[in-house]
Amino acid sequence: MNNEKFIGLGVAGNFAGHLEQAGEAADFANVQTQEEVQPKAIFPFYVPAEKPDESTQFLSVYPVSADRLTFPNDADNLQIEPEIALICEVKYSGQKVTALYPTHFAAYNDCSIRRPNARKISEKKNWGANSKGLSATRIALDKFSAGGNIDAYRIACFHKRDGKLNEYGQDSQAVGYSYFHQKLLDWIVDRMNNQPDEGPMNDIARLLRQADYPAKAIISIGATRYTPFGESHYLQPGDISIVAVYNGEKYHHAQIAEMAKEECFAPDISALIQKVV
């Protein structure tokens, strides 16, 4: 699967409490939503454009890795953001996105630099190669609606330093997302077509045009809440970041923590193990 032809998009504010913990709620103070639990915006983390605009040129560098994170030169406040990513087919009618069809899901790390003065969300998300994480283990969706196989899955996240493992994200149900299933897809399609270039947001329709309307997308659908440890600890070179998306009807959290300790997961778990270099 050649991910470098995909557009990469993320959803901001789709898990209650995460933006507040990450110190990002103020970024969205002026963004109007129709529901209190509605996500705030979508943001680009990768745009496969051969001739990008100067202001978004940094987004044309492919940032996704399955095994490493490159520590940024200009920041030391780097945090894991444990999420599920959907691998989607994108359908168009002319220049409008008409539908998203998710085919697979996987563990994802929307690793972010905490830059209080960043103009756009995207400026915290892509600082070059190996600045994002996507598990090489993709799980096929039977359907992305109530009762589908993804509904049984959970997201766990761990941090390892000098051999010591800590829980970094709160173990959370996939169905705990504020927007999920078709409601989430419909909202993303609307944002892909209509999101303005205002405040922390990018005009996604313009970026799709620059990328010549990519047929596939990696869409990270929101970070879970941190544990107190995760909220107050930042990544450093030598650390290990672990995100695991697992079937909660088959495995208990204690089993996942043991696998994380050994850095060895069962093959039916979408695990993302990245070393910070």
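Guide: Welcome! Helices here are DSSP runs of H or I with at least four residues, strands are DSSP runs of E with at least two, and both are numbered from the N terminus. The model is predicted, so local features need pLDDT of at least 70 and side-chain atom pairs count only at pLDDT 80 or more, while totals for chains, interfaces and linings use all residues. Residues are numbered from 1 along each chain as its sequence is written, and side-chain values use heavy atoms, with hydrogens and water left out.

Visitor: Which loop holds Glu 263, and what is its phi?
Guide: Glu 263 lies in the loop between α5 and β15, and its place is just after α5. Most residues other than glycine have a negative phi. Glu 263 is not a glycine, yet its phi is positive, at about 55 degrees.

Visitor: Is Glu 263 buried, partly exposed or exposed?
Guide: Buried means under 20% relative accessible area, exposed means over 50%, and partly exposed is in between, with a 1.4 Å probe and protein chains only. Glu 263 has a relative accessible area of 34%, so it counts as partly exposed.

Visitor: Where is Asn 130, and what is its phi?
Guide: Asn 130 is found in the loop between β8 (112–113) and β9 (132–134). Its phi is positive, in a residue other than glycine, and the value is near 60 degrees.

Visitor: Which strands do the buried residues of α5 pack against?
Guide: The buried residues of α5 (253–262) are Ile 256, Ala 257, Met 259 and Ala 260. They cover an arc of only 160 degrees around the axis (taken from the directions from the helix axis to the C-beta atoms), which puts them on the same side of α5. The face turned away from that buried side carries the exposed residues Ala 254 and Glu 262. With contact meaning heavy atoms within 4.5 Å, the buried residues pack against β11, β12 and β14.

Visitor: At what angle does α5 run to β11?
Guide: Axes are lines fitted to C-alpha atoms, for helices over the stretch in contact, and angles run from 0 to 180 degrees between N-to-C directions. Helix α5 lies across β11 (153–161), β12 and β14 (240–247), and its angle to β11 is about 35 degrees.

Visitor: Which strands stand at the edges of the open five-stranded sheet?
Guide: Two strands pair if DSSP finds at least two bridges between them. The order is β4-β15-β14-β11-β12, with mixed pairing. Two strands have a single partner each, so one side of each is left without a neighbour in the sheet: β4 (68–69) and β12 (164–173).

Visitor: What is the bridge partner of Leu 69 in β15?
Guide: Strand β4 runs parallel to β15 (270–276), and two bridges join them. In β15, the partner of Leu 69 is Val 276.

Visitor: How many residues of β13 are buried?
Guide: Strand β13 (216–220) is mostly covered. It pairs with β1 (7–12) in the parallel sense over four bridges, with Gly 10 opposite Ser 220. It also pairs with β6 (82–93) in the antiparallel sense over five bridges, where Ile 87 has Ile 218 as its partner. The buried count in β13 is four of its five residues.

Visitor: How many disulfides are in the structure?
Guide: A disulfide is a pair of cysteine sulfur atoms within 2.5 Å. The sulfur of Cys 111 is 9.7 Å from the closest cysteine sulfur, in Cys 157, too far for a bond. Cys 111 is buried, with a relative accessible area of 0%, and Cys 157 is buried too, at 1%. The search of the whole structure gives a count of zero.

Visitor: Is the ring pair of Tyr 177 and Phe 180 stacked or edge-to-face?
Guide: Rings of Phe, Tyr and Trp (its six-membered ring) pair if their centres lie within 6.5 Å; planes under 30 degrees apart are stacked, over 60 edge-to-face, and the rest tilted. By this rule there are 10 aromatic pairs. Tyr 177 and Phe 180 are both buried. Their centres are 6.0 Å apart and their planes at 20 degrees, so the pair is stacked.

Visitor: What kind of pair do Tyr 179 and Trp 187 form?
Guide: Tyr 179 is buried, with a relative accessible area of 4%, and Trp 187 is buried, at 9%. Their rings are 6.4 Å centre to centre, with 80 degrees between the planes, and the pair is edge-to-face.
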